[in-house]
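I opened this one to see how the fold is put together. My notes are below, in the order I looked things up.

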Amino acid sequence: MAETFPTPLSDALRQALIETRERAYAPYSRHPVGALLIAESGQHYLGCNVESANYKGLCAEAGAISAMIAQGERGIATLYVIGPGEHLCTPCGDCRQRIREFATPETVIIVLDGDGAPLKRYTMAQLLPDSFGPENLPQA
């Protein structure tokens, strides 16, 4: 059975995502990553990884989430992640938890190949099963 994906990215969004990945600052890993977050409002937010000499860089997903938060939004509808090659470039463990903070059970995470073609689709439950989230904490 073929995997189903949300409406494919438009050529313009795919190109913007590839260009964002190409602007990544990844002199140490040489592994540029881009992320396109579509908020629940439909607004788009882009991010790329930014490395530093102490190896404590910023992931592309974290950059896109930060841009969304800076604009006053809090909900992720869809997140696209693109690495440099043909292999899966899935969010790291830290980013899986960051995504979880703003995801719903309906949030979709799609990993693309280096040209922007979809490789794999995840729900939040698949990406981070049995996760800990805001609802696990007592409300202030």
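**Overall layout**

First reminder to myself: this is a predicted model. I counted secondary structure and got four helices and five strands. Reading from the N terminus, I wrote the order down as α-β-β-α-β-α-β-β-α. The radius of gyration is 15 Å, close to the 14 Å from the globule rule for 140 residues, so the protein is as compact as a globular protein of that length. I also took the extent of the C-alpha trace along the principal axes, which is about 45 × 40 × 25 Å.

Next I looked at burial and surface. Of the 140 residues, 42% count as buried. The accessible surface is about 7900 Å², and carbon and sulfur atoms hold 53% of it. For contacts with a separation of 6 or more, I found that 63% join residues 24 or more positions apart.

**The sheet**

I traced the strands across the sheet and got the order β2-β1-β3-β4-β5, an open sheet with mixed pairing. Which strands stand at the edges? They are β2 (44-48) and β5 (118-123); each has a single partner strand, so one side of each has no neighbour in the sheet. Neighbouring strands are turned by 15° against each other on average, with direction ignored.

I then checked two of the pairings. β3 (residues 76-82) and β4 (residues 108-112) run parallel, with five bridges between them. Ile82 has Leu112 of β4 as its bridge partner. β4 and β5 are antiparallel, again over five bridges, and here Val111 is bridged to Lys120 in β5. The β4-β5 hairpin has five residues between its strands, and Gly116 there has a positive phi near 95°.

**Helices against the sheet**

Helix α1 (residues 11-22) packs on the sheet and touches β1 (34-39), β2, β3 and β4. Its direction makes about 30° with that of β2. Helix α2 (residues 60-70) lies across β1, β2 and β3, and I get about 140° between α2 and β2.

I listed what α2 hides: Ala60, Glu61, Ala62, Gly63, Ala64, Ile65 and Met68 are its buried residues. They pack against β1, β2, β3 and α3. After α2 comes Gly72, with a positive phi near 85°.

In α3 the buried set is Cys95, Ile99, Arg100 and Phe102. I noted the arginine on that list. These α3 residues pack against α2, β3, β4 and α4.

**The nonpolar cores**

The largest nonpolar core has 22 residues, and the ones touching the most other members are Leu37, Met68, Ile76, Leu79, Ile99, Ile109 and Met124. β1, α2, β3, α3 (93-102), β4 and α4 (124-127) each supply at least two residues. Which element gives the most to this core? It is α2, with four residues.

**A closer look at Leu37**

Leu37 sits in strand β1. Is Leu37 buried or exposed? Its relative accessible area is 0%, so Leu37 counts as buried, the cut-off being under 20%.

**Positive phi outside glycine**

Arg30 is not a glycine, yet has a positive phi near 55°. Arg30 lies in the loop between α1 and β1 and is exposed, at 66% relative accessible area.

Asp130 is the other, with a positive phi near 50°. Asp130 belongs to the segment after α4. At 83% relative accessibility, Asp130 counts as exposed too.

Terms used. Residues are numbered from 1 along each chain as its sequence is written. This is a predicted model: local features need pLDDT of at least 70, side-chain atom pairs count only at pLDDT 80 or more; totals for chains, interfaces and linings use all residues. Side-chain values use heavy atoms; hydrogens and water are left out. Two strands pair if DSSP finds at least two bridges between them. Axes are lines fitted to C-alpha atoms, for helices over the stretch in contact, and angles run from 0 to 180 degrees between N-to-C directions. Contact means heavy atoms within 4.5 Å. The radius of gyration is taken over C-alpha atoms; the globule rule is 2.2 Å times the number of residues to the power 0.38. Buried means under 20% relative accessible area, exposed over 50%, partly exposed in between (1.4 Å probe, protein chains only). Accessible areas come from the Shrake-Rupley method with a 1.4 Å probe; for residues, only the protein chains shown count as cover. A nonpolar core is a set of buried Ala, Val, Leu, Ile, Met, Phe, Trp, Tyr and Cys residues joined through side-chain atoms within 4.5 Å.
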